[in-house]
Amino acid sequence: MLFQNARIENAAPADFRIENGLFAGFGASLPPKPGEETVDLGGRLVLPPFIESHVHLDTCLTAGDPVWNLSGTLFEGIECWAKRKDKLTKQDIRERVQRAVRLYASHGVQFIRTHVDVTDPSLVAMEALLELREELRDTVELQVVAFPQEGILSYPNGKQLMKDAVRLGADAVGAIPHFEFTREYSVESLNFAMRLAADNGLLVDVHCDEIDDEASRGLETVAARALELELFDKVTASHTTAMHSYNNAYVTRLMRLLKMSRINFVSNPLVNTHLQGRMDAYPKRRGVTRVKELTEAGINVSFGHDDIFDPWYPMGTGNLRDVVFMGLHVCQMMGYEEIMGAYRFVTTNAARTLHLGERYGIAKGRPASFVVLDAGQYYDALNTNAVVLASYKNGKKIAQAAPASTKVLF
Ligand code: FE2
């Protein structure tokens, strides 16, 4: 199958061919083979598929059920979720996750890293997500993180539940050091989680310092353990919102360790802009980590939703364009080149975080997975909220859309 006039990652229009589910060749103008199907993309933007690098699918699509979070705070969100948790069944989780995955797919997302709460003796959410990971493998690939929402040391039997989740088949080990009862627990929880990952050959993704407390310093422990256990870029620090509030002298020292450790960062600009700074009088902090400085230092950063229409965040449709749009605003990254390249936060950078390796990217011999947007380059795609016209996974179309059309009647 031959695709003509594609602007691959903002480049000049060119052609590419897919065969047997793989990218088979690229060129300025490829002649069709006899009988070959051709698709003229008319100069439209082609990107590698979008990747959600941080979401909680087990809580998604529950906003307002049974009660709305009226203050919008993290704490009222926890109260709302406690009421919803009573109704949690495997069927309920499966049905919501399937709906959310289809929303994502409609926006060109093909890979999702989901955190799943394992501070639950039944581990029902973990079981549901692991089932769906297998069922959805050919369309949207799920990567499942064992996430101890209420702590590892601070929750009854927390260590054993983490081990059980790993035994069931989690892809990555999580932690939540800023939520543990004490600083000692925080450090010990990280030592435990990262050793567990190392022993089982798993990835690590820590909810790290998601608080406006400048004294929350789980990040340095995550980075030090990543270095010492030689986990390096298998490790991701998510949120790191306290880093927004660290003093600059400390950050300067920390940056050396962060670079040496080679860990990834995930920022969640929608949710952290909504939730952080809530204890501040004016001026109020933005509470998003230092994406611009990390990126300029060559450290890998990707963007995620965190929540979709749940007690902590009442919006979200699975469209990563919204995440990028907010991220560029709050991180003050609106230079022309920054806007043009911003798709990388939800494509290639996220692929590094998820460790997709050679399975991802528009290159000869790799799986023919890509999206076509109704725009010529990413600047316009972002600014106009361009529709994902088609999403191909391993050479097969898994979603399509028609461009919206509005007529102004004057
Ligand atoms: Fe999260």
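This briefing walks through the main features of the structure above. The model is predicted. Four protein donors hold an iron ion: His54, His56, His207 and Asp306. Seven strands form an open sheet with mixed pairing. Helix H5 covers residues 183–200.

**The iron site**

- The donor atoms are NE2 of His54, NE2 of His56, NE2 of His207 and OD of Asp306, lying 2.2 Å from the iron ion.
- Along the chain, these donors follow the spacing H-x1-H-x150-H-x98-D.
- Histidine 56 lies in the loop between strand S5 (50–55) and helix H1 (74–85), and aspartate 306 lies in the loop between strand S12 (301–303) and helix H10 (320–330), so this pair ties together parts that are 250 residues apart in sequence.
- Histidine 56 and aspartate 306 are both buried.
- The site is irregular, and the angles among its four donor atoms run from 85 to 176°.
- A tetrahedral site would need all angles to lie between 85 and 135 degrees.
- For four tetrahedral donors, the ideal angle is 109.5 degrees.

**The seven-stranded sheet**

- The strand order is S3-S2-S1-S4-S13-S14-S15.
- Strand S3 (22–27) and strand S15 (396–400) are the edge strands, and each pairs on one side only.
- On average, neighbouring strands of this sheet are turned by 40° against each other, direction ignored.
- Strands of a sheet pair through backbone hydrogen bonds, either parallel or antiparallel.
- Strand S1 (residues 2–8) and strand S4 (residues 38–47) run parallel, joined by six bridges.
- Phenylalanine 3 stands opposite valine 39 in S4, and glutamine 4 stands opposite aspartate 40 in S4.
- S4 also pairs with S13, in the antiparallel sense, over three bridges. Leucine 47 has valine 371 in S13 as its bridge partner.
- Strand S2 (residues 14–19) pairs with S3 in the antiparallel sense over five bridges. Glutamate 19 has leucine 22 in S3 as its bridge partner.
- S2 and S3 form a hairpin with two residues between them. Asparagine 20, in the turn, has a positive phi of about 50°.

**Helix H5**

- At 1.5 Å a residue, the 18 residues of H5 should span 26 Å, and the end C-alpha atoms are 26 Å apart, which agrees.
- The buried residues of H5 are Ser186, Ser189, Leu190, Phe192, Ala193, Met194, Leu196 and Ala197.
- An α-helix has 3.6 residues a turn, so residues three or four places apart point the same way.
- The elements covering the buried residues of H5 include helix H4 (158–168), helix H6 (218–228), strand S8 (172–173), strand S9 (203–208) and strand S10 (235–239).
- Glycine 201 follows H5, and its phi is positive, near 65°.

**Backbone exceptions**

- Most residues other than glycine have a negative phi, and most peptide bonds are trans.
- Leucine 123 has a positive phi of about 50° although it is not a glycine. Leucine 123 lies in the loop between strand S6 (109–117) and helix H3 (124–135). Its relative accessible area is 5%, so leucine 123 is buried.
- Phenylalanine 232 also has a positive phi, near 45°. Phenylalanine 232 is found in the loop between H6 and S10. At 18% relative accessibility, phenylalanine 232 counts as buried, because the cut-off is under 20%.
- A cis peptide bond joins aspartate 65 and proline 66, with omega about 0°. Proline 66 lies in the loop between S5 and H1.
- The peptide bond from tyrosine 282 to proline 283 is cis, with omega near 0°. Proline 283 lies in the loop between H8 and helix H9 (291–296).

**Two residues in their surroundings**

- Proline 269 lies in helix H8 (residues 269–275). At 0% relative accessibility, proline 269 is buried.
- Beyond its neighbours within four places in sequence, proline 269 is in contact with Val288, Phe303, Gly304, Val323, Met326, Gly327 and Val330.
- Glycine 376 is found in the loop between strand S13 (370–373) and helix H13 (378–384). Glycine 376 is partly exposed, with a relative accessible area of 22%.
- Not counting residues up to four places away in sequence, glycine 376 touches Arg7, Gly43 and Leu45.
- The C-alpha atoms of glycine 376 and lysine 292 are separated by 26 Å, and the two residues are 84 residues apart along the chain.

Terms used:
Residues numbered from 1 in each chain as written. Predicted model: local features only at pLDDT ≥ 70, side-chain atom pairs only at ≥ 80, totals over all residues. Heavy atoms only, no water. Helix = DSSP H or I, 4+ residues; strand = E, 2+ residues; numbered from the N terminus. Expected span 1.5 Å × (residues − 1). Buried < 20%, exposed > 50% of the residue type's maximum accessible area, 1.4 Å probe, protein only. Contact = heavy atoms within 4.5 Å. Pairing = 2+ DSSP bridges. Axes fitted to C-alpha atoms, helices over the stretch in contact; angles between N-to-C directions. Donors = N, O, S within 2.8 Å, 3.2 Å for Na, K, Ca; no water. Tetrahedral: all angles 85-135°; square planar, octahedral: opposite > 155°, others 65-115°.
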